[in-house]
Amino acid sequence: MIYNNRNYPHPVLGIGDDFINGNLNVDLKVSSNGVQIEIIPIFVLSNADLNEFIATGTATYISHIYCRGTLYREVFKTQKSLSEPIMIPAQKLNGEVEIDFFICASRKVDKYKSRDFNPDYGNTEFEIDRGDVFAYAGKGKFYANKSPEELKSISALMNIDCSNKNKEPMYLDYSGEKITLMLSIEDYSNYKLIKGNPQYHGVILSSLVLPALIEALYFLEDETSKDYEVHAWYKALKEYKDKTKKYPDPLRMAQNIIDNPINKCFEQLTIDEAYE
Amino acid sequence: MSKQEIKFFSTFYVDKLYRDVAATENYDSYLDKEFVYEEKYAKGPTGIFIDSNLKLNPQRSDLENSIVLYEGLRGLNEVQASDERLWAYLTHVHFWDYMQGRWPIEDSKKPISRIRERYFLRNLNLESITRNGLSRLWWYAHITFDDNKKNKYELTETLLQRQDLVVGITERAIGTNKKIRISLLEYLRENPSIAASENLSRELIKVLNLYGGVKMLPFLEISEIKKILSDLGSSIAA
């Protein structure tokens with residue numbers, strides 16, 4: 001859900017330039033023991049009026065948790081900037097989970113105004129009801145029931161399968177949860193012959209997986225790739241791309257994801273040479 | 001009553017079935033009496049059991065089938081119930097007859113779209129969960145089941161009285177929060193004149209959705225949301 005593009009009927013801290021002073025930030029920690037998911041938000045509020053509202057119980061910190069995969073949507077309230085951990089059974093959440101952080105009114109405020117409002121508001125006073133939003137801190141995201149290793153491993157992103165043509169160039173199919181690298185019948189049967197042999201892992205990675213991954217990373221830059229944004233492969237690659245600034249180009253990025261396949265390939269090929 | 005353990009199709013196999021239908025445009029296998037699948041891709045153990053004789057009847061209403069399926073799969077948790085591998089197995093194997101009766105391919109103007117939408121659960125979101133031919137039935141009951149009511153499926157009845165209500169509630173964000181869902185369905189139940197009118201109920205859902213755009217409705221109590229609904233209901237009925 002997107003909250004920062006909405007037109008609220010009163011100024012909201014954190015939305016556009018409604019306020020000229022103050023901030024609401026949240027430091028988020030999420031962990032799981034497999035049975036429970038523990039969420040610890042630490043709210044950092046710098047705005048005198050809203051701090052006063054929190055202290056008097058007029059306003060409340062809110063963590064709004066939404067998992068589209070399991071239709072889970074709940075709010076958790078606290079008066080403390082560091083609250084008790086939020087505990088959610090792991091079986092309630094699956095895949096991407098969004099957490100949005102707010103300050104909401106817990107009681108009616110008849111004449112709400114603040115010296116920190118944008119001067120454009122002049123002396124306007126606003127009527128605030130319970131549940132109205134005072135401040136928005138933005139969104140956090142995590143993946144439930146997926147280990148970081150599971151999300152990062154190449155097998156979590158890509159399959160190899162056989163197309164129905166005898167001879168044709170390999171191509172990618174993006175419609176599944178994983179990207180499928182389609183090989184012709186002849187290529188696929190040769191691939192099956194060597195895939196179980198560790199001696200050829202480097203060759204498979206360099207000749208099949210690496211170009212496929214480069215292609216997928218380029219595809220990610222194309223607008224049409226957004227049609228696949230709910231798929232696991234899209235989320236994993238997008239997150240990797242957004243977080244890893246070390247290598248800006250798909251060629252080096254792909255090599256980094258699959259842990260330097262060219263090096264592995266040469267190593268295996270040269271070792272074979274040495275034995276001959 | 002004999003129980004059998006449900007299997008899951010592997011992710012690889014689900015992707016393959018899905019891709020094959022679109023790539024080859026060949027859906028002959030979806031017209032057969034039995035769906036022939038590759039046994040090696042049906043994996044277990046899953047720890048999910050179902051009565052071997054449990055059947056759904058395509059001639060019966062979604063409400064009846066929803067209750068039968070939910071009762072038959074009461075042990076399922078939300079993570080399992082959002083897993084495509086489970087529903088793809090059930091649509092293609094255990095409930096194949098029901099699927100063929102309820103979502104016949106031969107009658108469809110867009111057979112490939114129907115197969116992809118009703119036999120699979122591609123994207124983990126509100127819309128696809130309530131489109132898959134079986135998961136929709138389970139989720140309708142799950143999100144409305146109320147153990148505290150004499151008739152535990154009272155709100156399921158309200159939800160499923162008309163398809164536009166189902167779409168309006170389950171495919172919008174307001175339908176994802178239990179308090180909003182209960183408030184809305186109880187309000188409709190208590191106000192049959194609005195519930196019976198497609199225009200009024202659609203307008204009510206629309207304005208509630210707009211209202212929820214700027215107010216944190218899940219923060220409120222059910223009584224407060226129902227008061228808002230009452231005000232909105234009065235204004236649209238005026």
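Trp87(B) touches, beyond its neighbours within four places in sequence, Leu69(B), Leu73(B), Leu76(B), Gln80(B), Ala81(B), Ser82(B), Leu121(B), Asn132(B), Leu134(B), Ser135(B) and Trp138(B). The model is predicted.

A second, separate core has 38 residues, including Tyr136(A), Leu165(B), Leu184(B) and Leu208(B). The largest nonpolar core has 50 residues, and within that core Leu73(B) and Trp87(B) have the most contacts. Two or more of its residues come from each of β2 (8-9), α1 (11-24), α2 (62-72), α4 (84-94), α5 (96-102), α6 (111-118), α7 (126-129) and α8 (135-144) of chain B. Of these elements, α1(B) gives the largest share of the core, 6 residues.

| Item, chain B and chain A | Value |
|---|---|
| Residues in the contact | 36 residues from chain B, 46 residues from chain A |
| Area buried between the chains | about 3,400 Å² |
| Share of that area from carbon and sulfur atoms | 55% |
| Salt bridges between the chains | 5 salt bridges |
| Residue pairs in polar contact across the interface | 15 residue pairs |

On the side of chain B that touches chain A, at least two residues come from each of α1, α3 (78-81), α7, α8, α11 (178-190) and α13 (198-214). Here α1(B) supplies the largest share, 7 residues. By class, this side of chain B consists of 16 nonpolar, 10 polar and 10 charged residues.

Some residues at the contact can be named. Glu224(B) and Arg130(A) form a salt bridge, with their closest N and O atoms 2.5 Å apart. The area buried between chain B and chain A is about 3,400 Å². Arg19(B), Met216(B) and Phe219(B) supply 22% of the area that chain B buries against chain A, more than any other three residues.

Notes. Residues are numbered from 1 along each chain as its sequence is written. Chains are lettered from A and ligands numbered from 1 in the order in which they are written. This is a predicted model: local features need pLDDT of at least 70, side-chain atom pairs count only at pLDDT 80 or more; totals for chains, interfaces and linings use all residues. Side-chain values use heavy atoms; hydrogens and water are left out. A nonpolar core is a set of buried Ala, Val, Leu, Ile, Met, Phe, Trp, Tyr and Cys residues joined through side-chain atoms within 4.5 Å. Buried means under 20% relative accessible area, exposed over 50%, partly exposed in between (1.4 Å probe, protein chains only). Helices (H or I, at least four residues) and strands (E, at least two) are DSSP runs, numbered from the N terminus. Contact means heavy atoms within 4.5 Å. Buried area is the accessible area (1.4 Å probe) that two parts lose on being put together, summed over both. A salt bridge is a side-chain nitrogen of Lys or Arg within 4 Å of a carboxyl oxygen of Asp or Glu. A polar contact is a pair of N or O atoms within 3.5 Å; within protein, one must be able to donate a hydrogen and the other to accept it, and residues adjacent in sequence count only if both atoms are side-chain atoms. Ala, Val, Leu, Ile, Met, Phe, Trp, Tyr, Cys and Pro count as nonpolar, Asp, Glu, Lys and Arg as charged, and the others, Gly among them, as polar.
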